[in-house]
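I opened this model to go through its ligand shell, its charged pairs and its strand pairing. My entries follow the order in which I looked things up.

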Amino acid sequence: MSPVFEVEDLRRNFGGLAVTNNVSITLDKGDRVALIGPNGAGKTTFVNLVTGNLKPHSGSVRLDGVDVTRFNAMQRVRAGLVRSFQVTRLFFDMTPEEHVALAILQREGRSGRMFGGYARMPEVMMEVDDILSTLGLLALARKKVGEIAYGQQRLLEIALALALKPKVLLLDEPAAGVPQSDTARIERALAKLPADLAVLMIEHDMDLVFRFAKRVIVLSAGTVIFDGSPADVTRDAQVREAYLGSYANAGSIA
Ligand SMILES: Nc1ncnc2c1ncn2[C@@H]1O[C@H](COP(=O)(O)OP(=O)(O)O)[C@@H](O)[C@H]1O
Ligand SMILES: [Mg+2]
């Protein structure tokens, strides 16, 4: 099986410093991979490079066999490379149902003026219900986003990404800012993601990383220093050394 996502020798410098230093990563269909690394390792920069929000200085990104390196962000989304939305981009006066319906209509290239009529489109409503139930949000479908808990707003970000029918889903810290009591909800939702979707998750919560990921990639100072099983990552000498300098994470990886 050829990989659905292939990043090869991706490089980006900021002021002479290689923040992404010839990074190569491949994902197969159905992969569940966590990308971790100390603060400043280059995780967010990597996501911005592969989503087309930042231009690499060299290297390539292939999606399902198509070279998308020169695609802009929107073209990459259309090709199936989707990152979860940010809570700051949700509309607090709109409902989860409206958000997901809008995303589906956008995917289908239907006119914005038809938006009000989505309730009369049974195929759209069925898909909305399906996606909201995957994320455990069905009971909140018609509440205002401003009235639902932060953890559930973060799940809605993932719902919106799913509505775009991705082949590869990038999740940038889905549990960040979510109270510990709500992370189980996120974990349950992640477990229900479509089986053939390839998922790359950046996450600091190591409990979540270990429960979710079948493979862990560690980035340190812009370089991949580990790509292997969750069982091996904590034993890896280079990984331990990379985290030693980072007080915040030293305890969680040890
Ligand atoms: N636009 C930018 N200009 C200059 N330096 C940047 C820029 N964006 C990120 N950096 C630097 O790149 C490094 C990696 O940052 P980042 O990708 O945010 O790391 P992470 O997400 O792993 O914490 C940091 O040293 C950061 O200061
Ligand atoms: Mg970051």
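Entry one: strands. I began at Val-7, whose bridge partner in β4 is Val-61. β1 and strand β4 (residues 58-63) pair in the antiparallel sense, over five bridges. I took strands as DSSP runs of E with at least two residues, and helices as runs of H or I with at least four residues, numbered from the N terminus. Two strands pair if DSSP finds at least two bridges between them.

I then followed strand β1 (residues 5-14) to its pairing with strand β2 (residues 17-27), which is antiparallel over seven bridges. Phe-5 has Leu-27 as its bridge partner in β2. The two strands make a hairpin with two residues between them. I checked the turn: Gly-15 has a positive phi of about 55 degrees. I kept one general point in mind: in a regular strand the side chains alternate between the two faces of the sheet.

A note on the source. This is a predicted model, where local features need pLDDT of at least 70, side-chain atom pairs count only at pLDDT 80 or more, and totals for chains, interfaces and linings use all residues. Residues are numbered from 1 along each chain as its sequence is written, chains are lettered from A and ligands numbered from 1 in the order written, and side-chain values use heavy atoms, with hydrogens and water left out.

Entry two: the ligand. Which residues surround ligand 1? I listed Phe-14, Val-19, Pro-38, Asn-39, Gly-40, Ala-41, Gly-42, Lys-43, Thr-44 and Thr-45. Near means that a heavy atom of the residue lies within 4 Å. Helix α1 (residues 43-51) gives the most to this shell, with three residues. By class I noted four nonpolar, five polar and one charged residues. Gly counts as polar in this scheme, and Pro as nonpolar.

Next I looked at polar contacts (N or O atom pairs within 3.5 Å). The side chain of Thr-45 has an N or O atom 2.6 Å from an oxygen atom of ligand 1. For the side chain of Thr-44, the distance to a ligand 1 oxygen is 2.9 Å. Gly-42 uses a backbone N or O atom, 2.9 Å from an oxygen atom of ligand 1. The protein covers 55% of the 560 Å² of accessible area that ligand 1 has on its own. That area comes from the Shrake-Rupley method with a 1.4 Å probe.

How many does the structure hold? I found twelve, each a side-chain nitrogen of Lys or Arg within 4 Å of a carboxyl oxygen of Asp or Glu. Glu-127 and Arg-107 meet at 2.6 Å, N to O. Glu-127 lies in helix α4 (residues 122-134) and Arg-107 in helix α3 (residues 96-107), so the pair ties together parts 20 residues apart in sequence. I checked exposure too (buried is under 20% relative accessible area, exposed over 50%, partly exposed in between). Glu-127 is buried at 17%, and Arg-107 is partly exposed at 23%.

Arg-185 and Asp-182 meet at 3.5 Å, N to O. Asp-182 is buried at 13%, while Arg-185 is partly exposed at 31%. In the pair of Arg-235 and Asp-232, the closest N and O atoms are 2.9 Å apart. Arg-235 is exposed at 60%, and Asp-232 is partly exposed at 37%. Last, I noted a network of salt bridges linking Asp-31, Arg-215 and Asp-227.

Conventions:
A polar contact is a pair of N or O atoms within 3.5 Å; within protein, one must be able to donate a hydrogen and the other to accept it, and residues adjacent in sequence count only if both atoms are side-chain atoms. Buried means under 20% relative accessible area, exposed over 50%, partly exposed in between (1.4 Å probe, protein chains only).
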